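Here is a briefing on a multi-chain model. Keep the sequence and the structure in view while reading.

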Amino acid sequence: MRTGRLALVSAVGLALSSCGSARPSATPTTAASATAIDVFAAASLTGASTAATTALAASAGVRATYNFGGSNTLVTQILQGAPADVFASADRANMGRLVAAGLVETPVTFARNRLEIAVAPGNPKHIAGPADLARRGVNVVMEAPGVPAGDYARALFGSEHLGVRPVSLETDVKSALAKVTSGEADATVVYATDVAAAGAATSGVPIAPALQPDITYPIAVVKATRHRAAAEAFVRSAVSGAVQRDLEAAGFLPPR
Amino acid sequence: MPAAVPAVLAAAGVVFVGLPLVGLLERVSWSSLGSELSAHDAYVALRLSLETSLGALAVAVAFGLPLAWVLARRTFPGRALVRALVVLPMVLPPVVGGIALLYAFGRRGLAGQLLYDLTGWRLVFNTSGAVLAEAFVSMPFLVVTAEAAFRSMDRRAEEAAATLGAGPAYRFWRVTLPAVAPALGAGAALTWARALGEFGATITFAGNLPGVTQTSPLLIYLDIESGHETTALALSLVLLLVSLGVLVGLRQRWLGNP
Amino acid sequence: MSLSADVDLRIGGLRLRAELDVGDDAAVAVVGPNGAGKTTLLRALAGLTPLDAGRVVIGGAVVDDPRAGVRVPTEERRVGVVFQEPRLFDHLTSLQNVAFGLRARGASRTEARAGAAGWLERVGLAHVAGLRPRQLSGGQAQRVALARTLATEPAVLLLDEPLASVDATARADLRHLLRQELRRYPGSRLIVTHDPVEAAALADRLVVLEDGRVTQQGPLSEVTARPRSAWVAEMVGLNLLEGTASGRSVVAGAGAVVSTATSLTGPVFVAFRPNAVTLHRRAPEGSARNVWEGRVSELHPAGDRARVRFEGPVALVAEVTAGAVADLALADGGRVWASVKATDVEVYPA
């Protein structure tokens, strides 16, 4: 009975994460009088980065409510007028769309990430690098066009002339990783932070530094914010020492 | 209660349902509609949607019709439970349905593992998986309508057929089925329309690959996500018109014809 | 082929317990009040309602015997049934309806069509061959149903109130057709009806079913002359008394004595026609007369006659002229004497 209920709970949890929908999550406040702001953050900042984002909130002295989602989804929402105070993107391109639309202040880079190949625990298919993903009999899932992780991986395969034929194009990193952890797929390319967050459910195969794209996380104040001071404080804290240490612990690289 | 209140609330209800559709239509880029729909991705997705939804309908009929028959005509212990069970996908969030399908028919699922070990056949990431997901979600529509039809039909004609020497199979094909045909047609149309619009279970269970598992609703979602709104709207319009066509066609059966 | 049945079943509040033999020589009508189990009996014979016990034998073959685990399904029994309502197949034309049984029994399409056309012709409906049931009148539909059943040449023909769904104008024609077809039909024939006119027109023998049991059976003339239950007496329009005979005198009901022309001993039925009863305002004189004193409880004028319900030592119905009603001032109430000649009284063992 107990395990049954657990299975159901985890099924629903997996469902929520794999459909890539935005998931608001409240974080406890440090001060009762703290200003409440809405932070739209890239899905790859969920999970492993919870500690860092909590610290972000604590050090900035504001109460932040997070709306995690695919960067492109969040951009679409902000373009449609969603009430965001801060936007943290997983890539420059999506942030660029908001910059071009004149909806955000000048972005600040607060973290970098690396790509990693996520495989089943123990790496049963003996995948050593991106070239093995083009092998017959290896079922690779990727993210759909427009999802940064997928676009990075496609660029990588393209430059290396690897004929990787994915069996599915998932809507976001979490869904792609879920396909590997559930055993349906053999491998996918995600961020190193995602592999770290997944713990024992997956093993990570590193990708050579020479092949790594420049994955930067810009953060910016949304111009339409009604809590400008709090939002600016939040953005400043993102590059502060305490938050940077937490981000590093979660597998992120510091901004260059 | 003033007499105008129900009318006002009814009008508000119509607006509530109608306004989003108007919003959709207002955004459709009519001039480029043709080119959007004939674009490779949209065309492939539409064709795949047609194939998988018809496949799902076939699966639903193949299993749902006998099921409806048994539920309507046989008494057995646990019938109420079975009836609730087969209708469950109607109210289950489709994404949960997709997860459940993974646990059952995934490569490590209860039946999926056996299937894979025995035949090497995989449903996930395959068109057959999309068909399965759509059938899972849409079959209840067929079972519910068919069961009601089998239950409510005039059985006296079946008795007459038996006295004329017609055995069970002959009676079913020549008497029962023609008698319930209109209701079955309506049920099949609803089933097909539901399968055509299926999204959550399909993307969760079958995945998303153009030409293999990327049906129109999946493409619509991804196009919206990546900012290709015009294609998404053009496809939405097609699905909307098809659904509307089905419902208008069924109006006489379901809403009565005033 | 003969039909022999011993039916024992419960359905709803009814317990049906009836034995029945139907030879090929006589058409049998099962009559009885509503709810007596007539239709249930017919359905049990056809295999549409299961027996709890007993057996059904058609042409020497056991088709139903629950204790022995035998239950031949309806479609293999070679019983033809004409139901109360036509029960035609709505999606088929008249011709296809009649051809249905032939097709079901394996005839080719051409054979079945030819056979069906012949039967439609025979019931006078060749001109509606292409019409669907909803385009037919009630009488036409029941004729098609009859043709459809006869076309399969069943060993046993069962008709359940075949005229009930037909309006009065078409009824006479259909009754005539039924009579004709029943005469020509070579197998066992059983008609369920509550209508004495229909029974008399279509059957040679009567089986009376009351409250799930056979209360009387025999040739039509015998049952109508010597009813053995109040319902049959009422149906055939006779007064019926039950009593104990010793010689030419019968003690009936609450001590009333009936004189008879025939000498019998023991329990007996006494029957006499309502028009054999004479009513008087004064005590009549004369011999060999049964005279009872009582009062008029109901008066039903019918043309130049009137039916008078009399309550005295015995209850009876008298049929008198309208003139007598006026002369005797029967409508005014008061004491009345009823008399019946002993020679008008039929007495027979109970």
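Asp186(A) and Arg107(B) form a salt bridge, with their closest N and O atoms 2.8 Å apart. The term covers a side-chain nitrogen of Lys or Arg within 4 Å of a carboxyl oxygen of Asp or Glu. The rule finds one salt bridge across the interface of chain A and chain B.

This is a predicted model, in which local features need pLDDT of at least 70, side-chain atom pairs count only at pLDDT 80 or more, and totals for chains, interfaces and linings use all residues. Residues are numbered from 1 along each chain as its sequence is written, chains are lettered from A and ligands numbered from 1 in the order in which they are written, and side-chain values use heavy atoms, with hydrogens and water left out.

**Interface of chains A and B**

- Seven residue pairs are in polar contact across the interface of chain A and chain B, both residues being at pLDDT 80 or more.
- A polar contact is a pair of N or O atoms within 3.5 Å; within protein, one must be able to donate a hydrogen and the other to accept it, and residues adjacent in sequence count only if both atoms are side-chain atoms.
- On the side of chain A that touches chain B, the elements giving two or more residues are helix H1 (2-18), helix H3 (71-79), strand S8 (168-170) and helix H6 (173-181) of chain A.
- Helices (H or I, at least four residues) and strands (E, at least two) are DSSP runs, numbered from the N terminus.
- H1(A) gives the most to this side of chain A, with five residues.
- The residues on this side of chain A divide into twelve nonpolar, 14 polar and five charged.
- In that division, Ala, Val, Leu, Ile, Met, Phe, Trp, Tyr, Cys and Pro count as nonpolar, Asp, Glu, Lys and Arg as charged, and the others, Gly among them, as polar.
- In total, 31 residues of chain A are in contact (heavy atoms within 4.5 Å) with 23 residues of chain B.
- About 2200 Å² is buried between chain A and chain B, and carbon and sulfur atoms give 53% of this area.
- Buried area is the accessible area (1.4 Å probe) that two parts lose on being put together, summed over both.

**Contacts between chains**

- Two pairs of chains are in contact, and chains A and B share the most contacts.
- Chain A and chain C are joined by no contact; their closest C-alpha atoms lie 44 Å apart.

**Two sites in chain B**

- Gly112(B) belongs to helix H6 (residues 112-119) of chain B.
- Gly112(B) has a relative accessible area of 2%, so it counts as buried.
- Buried means under 20% relative accessible area, exposed over 50%, and partly exposed in between (1.4 Å probe, protein chains only).
- Leaving out residues up to four places away in sequence, Gly112(B) touches Ala104(B), Phe105(B), Gly106(B) and Arg107(B).
- Arg107(B) is also the salt-bridge partner of Asp186(A).
- The C-alpha atoms of Gly112(B) and Arg122(B) are separated by 7.4 Å, the two residues being ten residues apart along the chain.
- Thr176(B) sits in helix H9 (residues 168-196) of chain B.
- Thr176(B) is buried, at a relative accessible area of 1%.
- With residues up to four places away in sequence not counted, Thr176(B) touches Trp69(B), Arg73(B), Phe150(B), Met153(B), Glu158(B) and Arg171(B).

**Domains of chain C**

- Chain C is divided into domain 1 (3-228) and domain 2 (237-349), with bounds that come from an automatic or database domain assignment.
- The C-alpha centres of the two domains of chain C lie 40 Å apart.
- Five residues from domain 1 and eight residues from domain 2 of chain C take part in the contact.
- The area buried between these domains of chain C is about 570 Å², with carbon and sulfur atoms giving 55%.
- Arg226(C), Pro227(C) and Arg228(C) supply 86% of the area that domain 1 buries against domain 2, more than any other three residues.
- Across this domain interface of chain C the rule finds one salt bridge.
- Glu346(C) and Arg226(C) meet through their side chains in a salt bridge, at 2.7 Å from N to O.
- Three residue pairs are in polar contact between the domains of chain C, both residues being at pLDDT 80 or more.

**Positive phi in chain C**

- Most residues other than glycine have a negative phi.
- Arg78(C) has a positive phi, near 60°.
- Arg78(C) is in the loop between strand S6 (70-71) and strand S7 (79-82) of chain C, and is partly exposed at 36% relative accessibility.
- Ala329(C) has a positive phi, near 50°.
- Ala329(C) is in the loop between helix H9 (322-327) and strand S18 (335-341) of chain C, and is partly exposed at 27% relative accessibility.
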